[in-house]
Amino acid sequence: MTYLNNAATSHPKPLEVVEAIVDALRTPPPSALRSTGGGDDPRPSLRQQLGQLLHIADHERIVLTSGATEALNRLIAGLDGDVITLTDNHNSVLRPLANLPGLRAMSDVPPEEKHTPRHARNYRICHVTSSDNAWQRMLTDDELLRGAVLILPHCSNVTGRIYDLPKICHLVHQRGMFVMADAAQSAGSIPIDVDGWGVDFIAFTGHKHLLGPQGTGGYYVRPGITVRPTLFGGTGRDSSIVRYKEGDWEYEVGTPNLPGLSGLRAGVTHVLQRGVADIFQQGNEQANWLIGQLRTLPNVEVHSPGGTCQGPVVSFNIRGLLPSDVGYMLQNSYDITVRTGLHCAPYLHKELHTHPHGSVRVSMACHTTWDDLHTLMHAVTDICHSL
Amino acid sequence: MTITSITPSPEPCAEAGWHARQYHLDHPVDRPLVEALRPLGSLLLLDKLRQPFFKIESHHYMVKGILGDTSLRVAVHRDHEAETQRIIQLIQQHHA
């Protein structure tokens, strides 16, 4: 099988990831703050490694979760203030905004309420296509109060477009606003400097480019910002406290996924040893090569920008065929796994005029070979010539 | 031809808004089966491919597959699930 669906989940995992999970299940559970005795708690060293990878000095502020979706939900629900977001966000941002109580779309706010003190939180979704720089204009929009949070994907899971986070953080901070980066596609595949760029919040998943298992991930919040917890339970600290004092909160509750986190630690070790700069260079070269090859085919439309701001994700369509049909042929005739459809980013597809059927998405990872991409191009060429 | 089992589509997102299932057959899909299904809707047949792809589509449902495979995908719009009986009937009446 040629696996090119790494934006969904990376495959195959390095052998050491598999071994770390098996070892964690074989050994007695660790004794973190308890008297049961036992093996290795991966969390302290995992946080340290994640801090090294993402350039977070205060790595103890990294909260481990079941993935980016949980991380984003907890951040969005736990914040105060308005939210600005972009059309190429994933449903893990769009759906919490649309469904969490206490949030309402700016378009639903009556004009007379827009400049008055209010208790509700508003959110606005800005277009991102190159012909419409509304998301940049919003930085001068007075309808949104100071303290609003801009949520954006560091790398689009549809087009692979990489946002210029250092520049965006600078502009947003000048407005007294905050930046929340969804690094689901970029953690482990694109260099990230949280402290250097001044990213206020970052959410990541473990099972994509960090090469860990599903059910792992986390988030980080810059010192000085408080997020109200939305999950409560046992923590192993002081069981006599039931009601927390304001601000004295805990964020990792319940039994942790230690086998999964052991696997994630092995995955992050693998990424650090290989080097993110090297992984990014490979992914960027492969994506640009693929975009160039696809553009030579007369009936192919490529939706990815290419160039230096291109991550390891490429989306395209073949005119005359639905993306789901192309995916079906690739899977069943050529044994090539890609992903087709809307990729949980419905608003972006409306802008790309690919709604409701979406696109064919090819996504690479550090283990993707040039042979994989040649195999794909032979198949796509074959399909195009059959029309 | 016998449908040996019907399983949920492995790609629920790809056929969003449709109720998609994979029909597993006791014989490979052949051209006469595609012809038998043709009255269901418009036919797309890419027969220049090494393994030809076909799709028969109407407003309410869609059948697609690869000639030579022992399964095909049937997707029905959520409001028209009863119409799958017609597809099943046509498959079962076909003699491989």
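Which residue just after α6(A) takes a positive phi? In this predicted model, Gly176(A) does, with a phi of about 75°. Local features were taken at pLDDT of at least 70 and side-chain atom pairs at pLDDT 80 or more, while totals for chains, interfaces and linings use all residues. Residues are numbered from 1 along each chain as its sequence is written, with chains lettered from A and ligands numbered from 1 in the order in which they are written.

The complex has an ipTM of 0.93 and a pTM of 0.93. For chain B the mean pLDDT (the predictor's confidence in each residue, from 0 to 100) is 90, and 95% of the residues reach 70 or more.

Helices (H or I, at least four residues) and strands (E, at least two) are DSSP runs, numbered from the N terminus.

Chain B contains an open sheet of six strands in the order β1-β2-β6-β5-β4-β3, with antiparallel pairing (at least two DSSP bridges between two strands). β1(B) (3-8) and β3(B) (42-46) stand at the edges with a single partner strand each, so one side of each has no neighbour in the sheet. Five bridges join β1(B) to β2(B), residues 18-25, and Ser5(B) stands opposite His24(B) of β2(B).
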